[in-house]
Amino acid sequence: MAFETITVETDDHVCLIKLNRPDALNALNTMLLGELCDALEEADANDKIRVIVVTGSEKAFAAGADIKEMSEKSFVEVFNENLFADASDRIMAIRKPIIAAVSGYALGGGCELAMACDFIIAADTAKFGQPEINLGVIAGMGGTQRLTRYVGKSKSMDMNLSGRFMTAEEAERAGLVSRVVPAKKLMEEAMGAAGKIAEKSLPTILAAKEAVNRSYETTLREGILFERRVFHSMFATEDQKEGMAAFLEKRQPQFRDK
Ligand code: CAA
């Protein structure tokens, strides 16, 4: 598929999606969100792909929803079109892991997009924030909900109410990002992480993502039960036999996604 606002590269098992509206610091307009969701769904449906990496430019992962595009909209317009609901729901429906590789600004919808991915690897130049309050609105793609789950109420309130930016270092301390690396090493680290995941068995990768995400949606008791049942079900796969046999035989497993 040909895209205007993103680029897509695939190697053996990893799909790299790069947001590409440099003049607007990758502001998320309707076209970019639509193309991003199309590319994510295409990668999710491609049997060869196991992991997706989403990144931006050195200066900006994404500086938020496109303010120019939405500034003149009325309540009825945004309500009727259900602004950002489609993109948000489509990203949540992706079953393969998505790593956000963040350099520079990840603000508003940009921070929310990074948080909608499965984990974030940040360059030491990354800046995260929910500055929507400065525009007379609040976050609209998960910033009050996901950020609170990532970093807790106090810091989420601080970010959503003050609109201040968090450095990569603060974001790592707070649990928003999983790793911080020097900016020059960002893509090497993100692609390396994706490559490591891609060595595993696909059904196991999908199950692990689904089980971790379940912890957001349910009680601890229900979540533990869900995990236990999925864990038990993995014993129906050939890859469980192969993984455990390989360990015992002191060799690398040859997973066949079965
Ligand atoms: N929407 C549209 N255009 C944007 C944009 C955005 N979110 N962010 C930056 N741009 C554009 C600027 O308008 C500018 O374009 P022009 O050259 O045509 O004027 C270009 O990108 C470069 O930006 P700056 O000149 O502002 O660059 P800077 O280095 O001085 O500042 C910045 C960088 C601090 C990120 C600043 O651009 C900024 O504050 N951007 C807006 C951040 C923001 O408020 N994000 C939240 C958006 S609302 C939202 O996301 C809702 C939601 O929850 C879904």
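The largest pocket of this predicted model has a volume of about 880 Å³. Here a pocket is an open set of points on a 1 Å grid over the protein atoms alone, with protein on both sides within 12 Å along at least five of seven lines. Grid points are joined across faces, edges and corners, and a volume is the space filled by probe spheres set on the points. The structure is a predicted model, in which local features need pLDDT of at least 70 and side-chain atom pairs count only at pLDDT 80 or more, whereas totals for chains, interfaces and linings use all residues. Residues are numbered from 1 along each chain as its sequence is written, and side-chain values use heavy atoms, with hydrogens and water left out.

**Pockets and cavity**

The lining of the largest pocket comprises 35 residues, and Asp 118, Lys 209, Val 212, Asn 213 and Tyr 216 lie nearest its centre. Lining residues are those with an atom within 4 Å of a point. Helix 10 provides the largest share of this lining, 11 residues. At least two residues each are supplied by helix 4 (85-92), helix 5, strand 7 (119-123), helix 6 (146-151) and helix 10. Helices (H or I, at least four residues) and strands (E, at least two) are DSSP runs, numbered from the N terminus.

The second largest pocket has a volume of about 530 Å³. Its lining has 22 residues, of which Met 70, Phe 84, Glu 132, Val 137 and Ile 138 are the closest to its centre. Helix 2 (67-70) and helix 5 each contribute at least two residues to the lining of this second largest pocket.

The model also has 1 cavity of 30 Å³ or more, a cavity being a set of points where a 1.4 Å probe fits but cannot get out. The largest cavity holds about 40 Å³ of space. Its lining consists of Leu 28, Thr 30, Ala 65, Asp 66, Glu 69, Met 70, Lys 73, Glu 81, Leu 83 and Phe 84.

The table gives the linings by class. Ala, Val, Leu, Ile, Met, Phe, Trp, Tyr, Cys and Pro count as nonpolar, Asp, Glu, Lys and Arg as charged, and the others, Gly among them, as polar.

| Space | Volume | Lining by class |
|---|---|---|
| Largest pocket | about 880 Å³ | 21 nonpolar, 6 polar and 8 charged residues |
| Second largest pocket | about 530 Å³ | 14 nonpolar, 5 polar and 3 charged residues |
| Largest cavity | about 40 Å³ | 5 nonpolar, 1 polar and 4 charged residues |

**Helix packing**

Helix 10 (residues 202-217) packs with helix 11 (residues 220-234) at an angle of about 170°, their axes being 10 Å apart. Axes are lines fitted to C-alpha atoms, for helices over the stretch in contact, and angles run from 0 to 180 degrees between N-to-C directions. Helix 10 and helix 11 are therefore roughly antiparallel to each other; angles over 145 degrees count as such. Helix 10 makes the contact (heavy atoms within 4.5 Å) through Pro 203, Thr 204, Ala 207, Glu 210, Ala 211 and Arg 214, and helix 11 through Phe 226, Val 230 and Met 234. By class, this contact has 6 nonpolar, 1 polar and 2 charged residues.

An open sheet of 6 strands runs in the order 1-2-3-5-7-10, with mixed pairing; two strands pair if DSSP finds at least two bridges between them. Strand 1 (6-10) and strand 10 (179-181) are the edge strands, each pairing on one side only. On average, neighbouring strands of this sheet are turned by 20° against each other, direction ignored. Strand 1 and strand 2 (residues 14-19) pair in the antiparallel sense over 5 bridges and form a hairpin with 3 residues between them. Within this pairing, Thr 7 stands opposite Lys 18 in strand 2. Strand 7 and strand 10 run parallel and are joined by 3 bridges, and Ala 122 has Val 180 in strand 10 as its bridge partner.

A further open sheet has 4 strands in the order 4-6-8-9, and its pairing is mixed. Its edge strands, strand 4 (60-62) and strand 9 (165-167), each pair on one side only. The twist from one strand to the next averages 20°. Helix 5 (residues 109-116) packs on this sheet and touches strand 4, strand 6 and strand 8, with its direction at about 90° to that of strand 6. Strand 6 (residues 105-107) pairs with strand 8 (residues 127-129) in the parallel sense over 3 bridges, and Leu 107 stands opposite Gly 129 in strand 8.

Notes: Angles under 35 degrees count as roughly parallel, over 145 as roughly antiparallel, 65 to 115 as roughly perpendicular and the rest as oblique.
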